[in-house]
Amino acid sequence: MNTVRLVGALRGLDLDVQPRELADALWLARFLPGGGPPGEARTPVPSTDPADAEPTEPADPTPERTAPDRLPTPRTPLTGPRSTPTPDSDGASDPVRWVRLHVPGPARRTAGTGGAGLPVRAPAPPALDTRALARSLRPLRRRVPDPHTLALDEEATATRVVEQGLWVPVLRPTSQPWFDLTLAVDTGASMAVWRPLVADLELALTRLGAFRHVRRVRLPSGAEPRLTIGPADGPGGPGHSTRELLDPRGRQLILVVSDCAGPQWHDGSMFRTLQTWARHETVAILQPLPQRMWRRSGLVPVRGRLTATEGDSANRRLRFVPRQWRPGAGLRGLVPVPVLQIQPDWLAGWARLTGTGAGTIDAVVTLPPQPGPPAPAEPVDGPPQDEAARRLSRFLATASPEALRLATQLADLPVTLPIMRLVQQASAVPAHPAHLAEVLLGGLLVRQPDPAGDLRFDFHQGIRPMLRDLLLHTDLLHLRHEIARFLARQMGISMREFAAALSAPAGVAGDAGLGESFGRLPATVLTRLGGRHRELIEFVEQREQDARLPSPANGHHPDPRVTTEPAPSGADPPVDAQDLDGLDATIRALRQATAGGPDRAGLTRLAHALRARFQLTGDVADLVEAASILEQVRGRAGGGTEPDDPDAVLDLAEVRLSLCTERGATADLNEAVALFRSALAAPDGPRSQWWRGTVGLARALVVRADRLGTVPDLDEAVELYLAAAGTAPGPGGDDLRLRAVDALLRRYALTGDTTALTRADAVSGDAPATAGRHSRRVRLADLLRRAARETGEPDLLRRAAALYVEAAERSGPDGDARVLRGLAEARGELSVATGDPAELDAAVEAARAAVAAGGRDDVTHVECLATLGRVLRLRVDRDRRDGDLDALVDAARRLLDAVPGFHPDRHHHLAALGDALRLRYDAGGDAGDIQEACARYEEAVRTSPTSGAQLGRRLADLGDALRARADRFGSRADLDAARQSLTRAVDVTPADDPRLPDRVRLLAEVLLALRERSAAVAVYRRAVELHGRRHGPDGDPTVDVRVAFGRALLAAERFAEAREELRAVADILTQRLGPGHRRTLAVRSAAAEALAGLGDPGGAGRELRDVLAGQIRSLGADDADPAATRRLLDRLAGDG
Amino acid sequence: MQDWWIYRGTGSPHSGILRLPPPPPWRVFDGAPLVPPPSSPDDAAGRRLGELHRAVSYQPRPDELELVNAALYLRRPLLITGKPGVGKSTLAYAVAHELALGPVLRWPITSRSTRAEGLYSYDAIGRLQEASLHHQLGTPGDLPIGRYLHLGPLGTALLPYEHPRVLLIDEIDKSDVDLPNDLLNIFEDGEYRIPELQRIAASQPQVELPIEGSTDLVAVHQGVVRCHAFPLVIMTSNGEREFSPAFHRRCLRLDLGQPDAEQLAAIVAAHFGTEPTAETADLIELFLSRRERGTLATDQLLNAIYLTVQAPDGGRPDRERLADLVLRQLDAGPDS
């Protein structure tokens, strides 16, 4: 036993040892007897942990365990030797007998059936953190000289005697506190919950020693219209006027403790009283509710800064500046009365201000209440059909983390005030009444009738199971542990108590009814209470004889490692999940057994037990101790002539790996790897050992690869897993294969190497079809898709699609939305890559199925809709079928509906819907479509972030849509808007953007439509330039735009340029398409127009006739083009 | 009974204190020269413990015994927490009586108590008066300052006695916030200075001072008082207030539960000198059942028994009414 282990063992009992205390303990141990004969009066072993066996070691209080800094006092009767410590139990630790504590229930007359209980007083924790409160209120201890009491100033007297020879004492006034405190308590119905808080507050204020007197008054309430002086519970005295509290010297400090929910707050009478007080004295309101609930009460809180000067802190001298100045806020003529939460941080600032009379703090003051019905401050009963889920979500939305924690921890306990405070006290966070208020008034609780007349609540129907889900198992264990510890420690000693009942086993008569249980005590604590509990104790201890663990002297201790086979993944040994008590007992016994000497077997079992307990409780200290024990075992073995015990090495390696996972130290990890390797290197071990080593090493290497990104580790891990899987048939082997697949997938993620994916495919194909394999195959498919995107290989996509299909078949008729979506995406990409329309159809089918399958989960649903939209768009681009267009619009609309209004991606969806509508309009011509498309585009532009590449596109789309609408309805306003939009689009688009030329062209067209011809010409010129740069001077788009340019010039009556341009284009087209092509002829006719404009009607006419002939020849006489040419000729003839 | 126990809870005085081993090396104090043990009998002990002739039947429980002995061995203060009336202060008297450690030095604490008050008090005005009187009358000679200094309970406990004195600091949870930390320092050091004596140390190296609880005079050298045997400091608390962790670390802590039926019977027997009769047994039962519903002090039981023993034989109802009047619960309001 070395010092580290001793300290560890003591820490395990929750004793925090300091060096001095340890030295004291060890020094005292010299005098303590080493072991006496059993059968004598028992000496209790001191310990603080109620989970420890209390006086049950009759013989050997082992020296190290005497930590004499705190003892509970289990009572053993003093009448001679006890009968229960049996002679053969030397050193055995008896299991602890537990007795349950219940809230008192309705009294039952059926005694002796084991249901009745014994009444008992259980300790209650304080309602306030009085130390912190006292510290924060210290500045209030302002002392002033009291002119009436004089004391001798010795120094001054002595000095006077010495210097002046006058033997006259110098007297100076003593100092006394400046303030007299009056605690004005609201005793309305809703304040019943806060009574213990008020009592503790009064105690803390009295103890502070900062006030001359402290008195308590009751505020006028509905029942009593006048102020009553006296404690809250006592009989009412004669009522007093509220003005009686006023003190002309202004030295009263009036603290009003209230939740401001009573009617006198709402109708303003209390406010007037406060103002009266505040004009002369120092007043503040102490609110137990948190600030966000103040609006429900009769307060009208206003935030701002409160400043005191002149050393005077009376309210009327405080200056209040509201944070947001509101006109008509009506602060004139009102004296600011600060409202404070009963929390140290709130009170500290205010105390400083009041105590020193100078400074500035942020504060909240209250305005007179608005007339109106008072909001109830009690737990509100909503309509009965209010679902539990809705209540809970409302609570979750507004509760602070501590309040949420409190609520979840109450899920398994009866809800009364003392129990809520017990739970608050069990968590390490300092408890504030505000959190209690949040839970009480959060809408989760409803008041219950209580037999004792105390306050009792219960959760609404159906909330408890939901809260239980939010509670972690380790948190629950910790909570129970802490509550049991508090109860055991304070039972019979605490000043504050509440009524409870003990469950008595059959045969012990009791007369108190039992309600729900909230905790348990070791039975031996009850000896502290004495009296009739004695019978209970005797009865209980009788039973101990029957059910005790075999002592180590007799037999073996059961090994907490349940299976002798290695666990499938080399993890910590499985445990009997709920048997924490059994484990504790085993650990204690083993500690004792090994305390004597280095018993390797015992130490190893102890290490296993500690590991098992760590699994249950998550306490890292257990792991650390297990590690040091195993080091000890190993070191002892290695120092001698025996080689390292490979089992111990493996155990140690596993513990180190767990430690690394808990604490995150790389040193642990590296050591674990080294230990595993050395265990594997040991020759000729049994099969199970090789297996454990292999699996353990593989795990460690995977963790290391995750941490450090070392790829060779991953490779090695994969090989190891596969090797181990090969030898272990059955589910163990399959699990290992799946782990190998995981490692391979990780490898791809790290390196981007697709061979890893292929291999993962193969390995997972070998594994049988289980849920684990299924999820991994789906993930594999996702990664294949990603790889295909990066490398562009369609085979990967095909394989991914096949995997998805396989997974989809597995998931049954309802389908798994994620899988189907993946399939749709894969097929869609495949169709883009290969151009196969069948793939595209299959993609659309899959996307539809995904949307149908994607249940309530919003995110998946949105994604599936987006996928559907994408693949439909692909199909629409290829060939427009009406059904598809409708489906596209529908999908886009649903997607937009599914996305909430504030979502940052909303503009994408708006634009997508606009696109779909535009497409449909282009195909079908439904006016509603174009209207809506414009509206959606506008909204998209409005909600787009101003710095995106998207903005240009949206503006261009908007402009285009507006122009289309203008075409349809002829609205000039639309054209103007289109022009603005396109101008902005062109400005926003960077110069190298390939879409710029098109946008410029669009703009030019719009300008032309607006008849701003010169501007149109200028823009066209630019468009031609851009197109030429991009597509080359002869490119098709360039030619198109040049034609348009030419027509624009024509429209602008710049005939010479028009003619030149058009002739040039006509030449190009003649070359390319032939002289008889429709387009060529159209351009030539335009050129002829230009000629006419230049003043040569004859030449123009000639050309036109030529064109006409050509048109009739190639297009027939009835075509629109020759008709247009003829009209032109006629016009020309008419002009000329 | 354990062999290492010095205080055994038997109630009859013995010389077990002579077996107390030397202190641990970090708790050795070397105050010198040794002061003779105090002699006067303790008036208060009789009142609290019942007739001294009989074996005092304040039967402490085994863990009390353990802790008191541990405090004796380790030279550490002992903090006893418990409900009112449970017998915390009586334990100090029992220890002092059994181990013959002299009168208990009792220091009742209020919110105005300071460490200086407990150490010593100096009557400056008195000295000034006498000095001026002397001056006027022309009487030669210096005034012995020892007449104006008076050691308080804490100061007396830290005198260099050969055997530890018992210092009872009552109701320390009522103290000011600073007092426990001040006390910690002095318990660590085991010594204190008297500046008034230090100033005149050159001319008067040794001054005789009156002490608390006794009429003896004790010599103080050079104005420094250092203990030889660290006193057994017993601090009682009602648990109304939490102390700082540093304070808890330096003390041993004992939580005293309430006495059960047998102990109550023993206490009653000790105070009233008779064996418990049927009536007193009834009252004890009643007391216990009431105690389950609220806080009651052992004193109240004794008061009730006294009243019923003295009440005229008017039959049970009168006695019961008297008992009802006296056995009111301590933590309820005026209504119950």
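**Chatting through a two-chain predicted model**

Student: How do α30 and α31 of chain A sit relative to each other?
Tutor: This is a predicted model. In it, the axes of helix α30 (residues 882-898) and helix α31 (residues 906-924) of chain A come within 9 Å. They cross at roughly 160 degrees.

Student: Roughly parallel or roughly antiparallel, then?
Tutor: Roughly antiparallel, because the angle is over 145 degrees.

Student: Which residues make the contact?
Tutor: From α30(A), they include A:Leu885, A:Leu888, A:Val889, A:Ala892 and A:Leu896. From α31(A), they include A:Leu910, A:Leu913, A:Ala916, A:Leu917 and A:Arg920.

Student: Left-handed or right-handed crossing?
Tutor: The crossing of α30(A) and α31(A) is left-handed.

Student: Let's zoom out. How many helices and strands are in chain A?
Tutor: Chain A has 41 helices and 19 strands. It has 1136 residues, and 45% of them count as buried.

Student: And chain B?
Tutor: Chain B has 13 helices and 11 strands. Of its 336 residues, 40% count as buried.

Student: What about contacts between residues at least 24 apart?
Tutor: Take contacts between residues at least 6 apart in sequence. In chain A, 66% of those join residues at least 24 apart. In chain B, the figure is 82%.

Student: Back to helices. What span should α34 of chain A have?
Tutor: Helix α34 covers residues 972-988, which is 17 residues. At 1.5 Å a residue it should span 24 Å. The end C-alpha atoms are 24 Å apart, so the two agree.

Student: Which of its residues are buried?
Tutor: Among them are A:Leu975, A:Ala978, A:Leu982, A:Ala985 and A:Val986. A:Asp974 and A:Arg979 are buried too.

Student: What do they pack against?
Tutor: The buried residues of α34(A) pack against α33 (949-969) and α35 (996-1009) of chain A.

Student: New topic: strands. What does β11 of chain A pair with?
Tutor: Strand β11 (residues 300-308) pairs with strand β14 (residues 359-367) of chain A over nine bridges. That pairing is antiparallel. Four bridges also join β11(A) to strand β12 (residues 319-322), again antiparallel.

Student: Which residues face each other there?
Tutor: A:Gly304 stands opposite A:Ala363 in β14(A). A:Arg305 has A:Val321 in β12(A) as its bridge partner.

Student: What holds strands together in general?
Tutor: Strands of a sheet pair through backbone hydrogen bonds, either parallel or antiparallel.

Student: What is the strand order in the open sheet with β15, β16 and β17?
Tutor: It runs β15-β17-β16 in chain A, with antiparallel pairing. The edge strands are β15 (415-416) and β16 (445-448), each pairing on one side only.

Student: How many bridges join β16 to β17?
Tutor: Four bridges join β16(A) to β17 (residues 456-459) of chain A. One partner pair is A:Val446 with A:Asp458 in β17(A).

Student: Last one: where is A:Val620?
Tutor: A:Val620 lies in helix α18 (residues 620-639) of chain A.

Student: Why does A:Val620 count as partly exposed?
Tutor: A:Val620 has 13 other C-beta atoms within 10 Å. Buried needs 20 or more and exposed means 12 or fewer, so A:Val620 falls in between.

Student: What does A:Val620 touch?
Tutor: Leaving out residues up to four places away in sequence, A:Val620 touches A:Glu662 and A:Arg663. The C-alpha atoms of A:Val620 and A:Ser658 are separated by 9.4 Å. Those two residues are 38 residues apart along the chain.

Methods
Residues numbered from 1 in each chain as written. Chains lettered and ligands numbered in written order. Predicted model: local features only at pLDDT ≥ 70, side-chain atom pairs only at ≥ 80, totals over all residues. Helix = DSSP H or I, 4+ residues; strand = E, 2+ residues; numbered from the N terminus. Contact = placed C-beta atoms within 7 Å. Expected span 1.5 Å × (residues − 1). Pairing = 2+ DSSP bridges. Axes fitted to C-alpha atoms, helices over the stretch in contact; angles between N-to-C directions. Parallel < 35°, antiparallel > 145°, perpendicular 65-115°, else oblique. Left-handed = near helix turned anticlockwise from the far one by under 90°.
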